[in-house]
Amino acid sequence: MADFGYKIQEDRQINYDSNDRTLFYFLKRVEPSISLCIGCGTCSATCTVGQFTQFDLHKIMLYVRRGEKVHIANEIKKCMLCGKCSLVCPKGINTRNIIFQTRKFLHSNK
Amino acid sequence: MSYNPFVLPFSIGLVIVIILILWKYFRWVFSHEKAEQKKIVKLIFSFKIFSVIKEIFMEVLLHRRIFKINPVLGYMHSSFAFGWFLLILGGTVESKLHSHHAFNMFYEPIFFKFFSHNINGFPFANGFKFLMDLILLYILSGLVLAMVKRLYKRMFGMKKTTKLRLVDKLALTSLWCIFPLRLLAESLTSAQYHNGGFLTDNFGNILAAILPVNQLEYPAWWAYSIALGVFFVMLPYSRYMHIPTEMVLIILRKAGFKTEKKYTGFSRVEVQSCSRCGVCLDACQVYSATQRNKMLPAYFLQSVRFNKKGKQGLTDCLMCGRCQEVCPVGIGVNAIRRVKRNEVFDEKGAEFEYLKDSDSKTKKADVIYFAGCMTHLTPTIKKSMVNLFQKADVNYWFMDEDASVCCGRPLQVLGKEKDANILADKNRELINNSGATLLVTSCPICYKIFKEEYNLNIKIQHHTEYLNELVNSGKLKPVNLNFSAVYHDPCDLGRGSGIYSQPRELLSKISITNKLENEKEMALCCGSSLANLPAGFDDKELMAIKAAEELCKSNPDYLITACPLCKKTFVQACNERKIGKNVKVKDIAEMLAEAVM
């Protein structure tokens with residue numbers, strides 16, 4: 001087929017019924033402060049890893065809420081757990097624990 | 001040979017406890033490798049053994065360190081340990097002199113008064129009578145204090161005491177029964193045969209006036225023997241295991257044993273040396289701020305000892321090391337906690353592939369400056385450092401100016417050793433390629449891991465050490481700004497790395513430093529330590545406020561620290577809660593930069 005420079009966009013619909021939101025509920029239980037997130041993106045702005053590669057905690061938090069586990073599993077491994085994000089968070093969310101617990105959850109629920 | 005069936009509970013208990021303890025000793029020592037076992041043999045046949053014996057005498061029997069913490073508490077502990085030791089020693093000598101044999105049955109000294117009604121006619125007979133009663137009185141006075149302590153712990157300088165397990169309670173009860181029962185049994189015997197000293201004889205006479213002593217005497221000796229037997233059987237399973245373990249701990253420690261990366265036999269000795277005395281409870285800031293108690297060393301070591309699975313106690317700790325400083329036994333809780341965190345959490349979870357493609361370049365320089373992640377959050381510190389480097393005309397390279405690779409300690413303290421090593425390798429490569437002879441860092445967290453784990457062959461300094469040297473050598477000439485300041489010791493720099501004098505020396509040149517209530521080894525943690533994972537914002541704020549309040553008691557102009565994380569925490573605590581009248585929180589480098597202007 002001739003390439004006209006256009007293509008059909010991937011379906012970006014979020015289906016909450018089919019998405020697996022267990023991770024979000026797990027995190028809500030072990031680190032309730034996750035509910036405070038307003039998605040301001042300060043964490044991503046300060047991130048140490050963000051200087052090297054595309055790593056965005058702000059995005060990960062969104063994926064966690066939506067239950068898109070595949071994206072999270074690939075991304076969350078990049079974190080160095082330095083803790084800068086939890087220090088700058090204006091809502092005082094323990095982001096470091098969220099990442100730590102997410103990794104643990106994904107590790108034990110492969 | 002004298003024998004009576006009532007000695008059986010004591011004898012059986014003693015045999016059981018000796019077998020169990022020897023088995024434990026055997027397991028501890030033989031779980032180590034041959035080379036390490038040789039260290040023990042070497043120690044025993046060297047002159048060092050005298051210092052070991054001295055330490056055992058001072059700590060295990062006299063409890064010198066507990067005396068230092070609180071004299072009444074020390075008296076209580078030593079009355080049991082040293083008193084009981086003297087009672088056994090005195091009884092043995094007395095019974096041997098009496099029987100004119102070097103060897104008699106092992107229970108005879110314990111039940112001497114029952115078997116020997118006529119105790120005159122050997123050297124110092126009356127002296128022994130007096131002495132043995134005096135020792136018993138010494139122990140009983142300690143027992144009274146122990147009972148009072150259950151009700152009025154503040155008298156002993158303790159706000160909180162440990163909660164006991166059932167086994168501990170049983171062992172405690174039998175221990176408390178032993179000495180009153182001995183007094184009773186000896187008094188009842190003395191009432192009939194007058195073989196007691198000033199205490200038992202008089203007490204026996206009083207009892208004789210109101211009780212049928214000849215009927216009660218035999219049951220009393222049975223009860224005394226049973227109390228001893230029960231205590232012995234409980235001992236290896238209770239907190240009282242610390243009695244036979246602490247000696248081993250002192251010997252092994254002197255022989256150079258340490259808990260490092262693995263949970264070894266020595267770690268086991270450390271864990272079982274904990275008597276759960278509770279001295280560490282008041283030192284813990286997480287406990288006093290949040291009232292959560294699972295991570296307290298006393299309970300944490302208990303859960304390790306009995307293999308209780310529970311992660312709360314493992315992760316909910318700042319690893320600030322205050323508890324280690326006050327521990328009268330000197331147990332290295334932080335090392336044990338780290339080993340246990342490694343066991344639980346060290347699965348490979350991270351993927352740092354992106355670091356390989358990163359184009360972080362090495363620059364040739366004499367001095368490397370590594371600011372650290374946290375310093376990038378407090379940019380005035382790194383600006384001051386750069387300023388000072390330029391003033392002192394140093395050929396330096398700001399290693400993590402643009403893109404910083406974390407030093408790895410935040411991962412390491414959570415037990416993710418493997419992940420931390422990947423980061424360490426990357427940094428090590430950069431450092432080694434620069435050809436520098438000195439690495440200066442602004443962050444005590446990085447400083448500690450550089451020093452302990454990186455195995456770099458260049459000098460590593462925290463900026464307090466480095467700046468102090470620059471000032472001493474005349475490369476920087478600060479003026480005295482004459483403000484009043486308090487210096488806060490960051491955990492990883494003070495307790496963690498033993499750097500106390502350099503920042504104080506440096507600060508004394510530019511300011512007047514106020515004394516603090518908790519300084520140096522006992523300095524408070526700011527509460528933001530990366531070692532504590534579950535503590536949230538509120539918990540950390542509580543700890544920070546408490547620490548800030550104490551630091552600002554003397555109303556200083558400046559609160560000076562040497563750690564970007566402490567600085568950030570205290571800025572928040574002091575400004576938002578209006579602690580201290582207009583106190584300004586600064587890093588020591590910022591202050592020096594101002595003074596050098």
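Predicted model: local features only at pLDDT ≥ 70, side-chain atom pairs only at ≥ 80, totals over all residues.
**Entry 1: Glu590(B)**

I looked up Glu590(B) first. I found Glu590(B) in helix α28 of chain B, which spans residues 588-596. Is the residue buried or exposed? Its relative accessible area is 6%. The cut-off for buried is under 20%, so I log Glu590(B) as buried.

Next I checked its surroundings. Which residues does Glu590(B) touch, leaving out those up to four places away in sequence? I listed Thr380(B), Ile381(B), Ser384(B) and Lys567(B). I then looked at the lysine.

**Entry 2**

I traced 4 strands in an open sheet, ordered β2-β1-β3-β4, with parallel pairing. Which strands stand at the edges? I noted β2 (396-398) and β4 (459-462) of chain B. Each has a single partner strand, so one side of each lacks a neighbour in the sheet.

**Entry 3: β1 and β3**

I followed one pair in detail. Strand β1 (residues 367-370) and strand β3 (residues 438-441), both of chain B, pair in the parallel sense over 4 bridges. For Ile368(B), I found the bridge partner in β3(B) to be Leu439(B).

Last, I looked for a helix on this sheet. Helix α22 of chain B (residues 417-434) packs on it, touching β1, β2 and β3 of chain B. I noted an angle of about 155° between the direction of helix α22 and that of β1(B).

How values were computed: Residues numbered from 1 in each chain as written. Chains lettered and ligands numbered in written order. Heavy atoms only, no water. Buried < 20%, exposed > 50% of the residue type's maximum accessible area, 1.4 Å probe, protein only. Contact = heavy atoms within 4.5 Å. Pairing = 2+ DSSP bridges. Axes fitted to C-alpha atoms, helices over the stretch in contact; angles between N-to-C directions.
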